[in-house]
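Let's take a walk through this protein together, going from the overall picture to the individual helices.

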Amino acid sequence: MYAEGRGVPENQKVAAKQFAAAAELGDAKAHFRLGQMFRAGVGVPVDVAVSTEHYRHAAELGFAPAEDVLRKQPPPTGARSRPPSSGR
């Protein structure tokens, strides 16, 4: 409702709180929407790590669009594609 301004004035901060409450209850789409909001800084500060966590939760709950985002997303800065060698 608040995210799109349907029947109420648009308010992204309130929308983020509502999505967070739904995500706490295990709503995959709410996790996905929070992932989008944290990625873009809409209603919340930009936080790529938090965004990724929400996308991950949504994917774990079977929400296919979140799986697509995670597949296309570059690895975090400093991430290694393989474990470091043991030096042997």
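Here is a guided tour of the fold, its helices and a few of its side chains.

A word on the ground rules comes first: this is a predicted model, in which local features need pLDDT of at least 70, side-chain atom pairs count only at pLDDT 80 or more, and totals for chains, interfaces and linings use all residues. Residues are numbered from 1 along each chain as its sequence is written, and side-chain values use heavy atoms, with hydrogens and water left out.

Let's begin with the whole. The protein has four helices and zero strands, where helices (H or I, at least four residues) and strands (E, at least two) are DSSP runs numbered from the N terminus. Along the sequence this reads as α-α-α-α. There are 88 residues in the protein, and 27% of them count as buried; buried means under 20% relative accessible area, exposed over 50%, and partly exposed in between, with a 1.4 Å probe and protein chains only. The protein exposes about 6,200 Å², and 55% of that comes from carbon and sulfur atoms; the areas come from the Shrake-Rupley method with a 1.4 Å probe, and for residues only the protein chains shown count as cover. Take the contacts (heavy atoms within 4.5 Å) between residues at least 6 apart in sequence: 29% of them join residues at least 24 apart.

Now find the segment before α1, where G5 sits. G5 is partly exposed, with a relative accessible area of 27%.

At the start of α1, a side-chain oxygen of N11 reaches to within 3.1 Å of the backbone nitrogen of K13. This is a polar contact, meaning a pair of N or O atoms within 3.5 Å; within protein, one must be able to donate a hydrogen and the other to accept it, and residues adjacent in sequence count only if both atoms are side-chain atoms.

Which residues of α1 are buried? They are Q12, A15, A16, F19 and A23. These residues cover an arc of only 100° around the axis, so they lie on the same side of α1; the arc is that of the directions from the helix axis to the C-beta atoms. They pack against α2 (28-40). Just after α1, G26 takes a positive phi of about 90°.

The N-terminal end of α2 is capped by D27, with a side-chain oxygen 3.0 Å from the backbone nitrogen of K29. The 13 residues of α2 should span 18 Å at 1.5 Å a residue, and its end C-alpha atoms are 19 Å apart, which agrees. The buried residues of α2 are A28, A30, H31, F32, L34, G35, M37 and F38, and they pack against α1, α3 and α4. Just after α2, G41 has a positive phi of about 75°.

Where does H54 belong? It is in helix α3. H54 is buried, with a relative accessible area of 15%. Leaving aside residues up to four places away in sequence, H54 touches H31, F32, L34, G35 and F38.

Finally, look for charged pairs. The structure holds two salt bridges, each being a side-chain nitrogen of Lys or Arg within 4 Å of a carboxyl oxygen of Asp or Glu. One joins E53 to R56, whose closest N and O atoms are 2.7 Å apart. E53 and R56 are three residues apart in helix α3 (residues 48-60), so about one helical turn separates them. E53 is partly exposed at 36% relative accessible area, and R56 is partly exposed at 37%.

The other salt bridge pairs D68 with R71, the closest N and O atoms being 2.5 Å apart. Because D68 and R71 are three residues apart in helix α4 (residues 64-72), they too are separated by about one helical turn. D68 counts as partly exposed at 32% relative accessibility, while R71 counts as exposed at 61%.

Technical notes: The expected span of a helix is 1.5 Å times one less than its number of residues.
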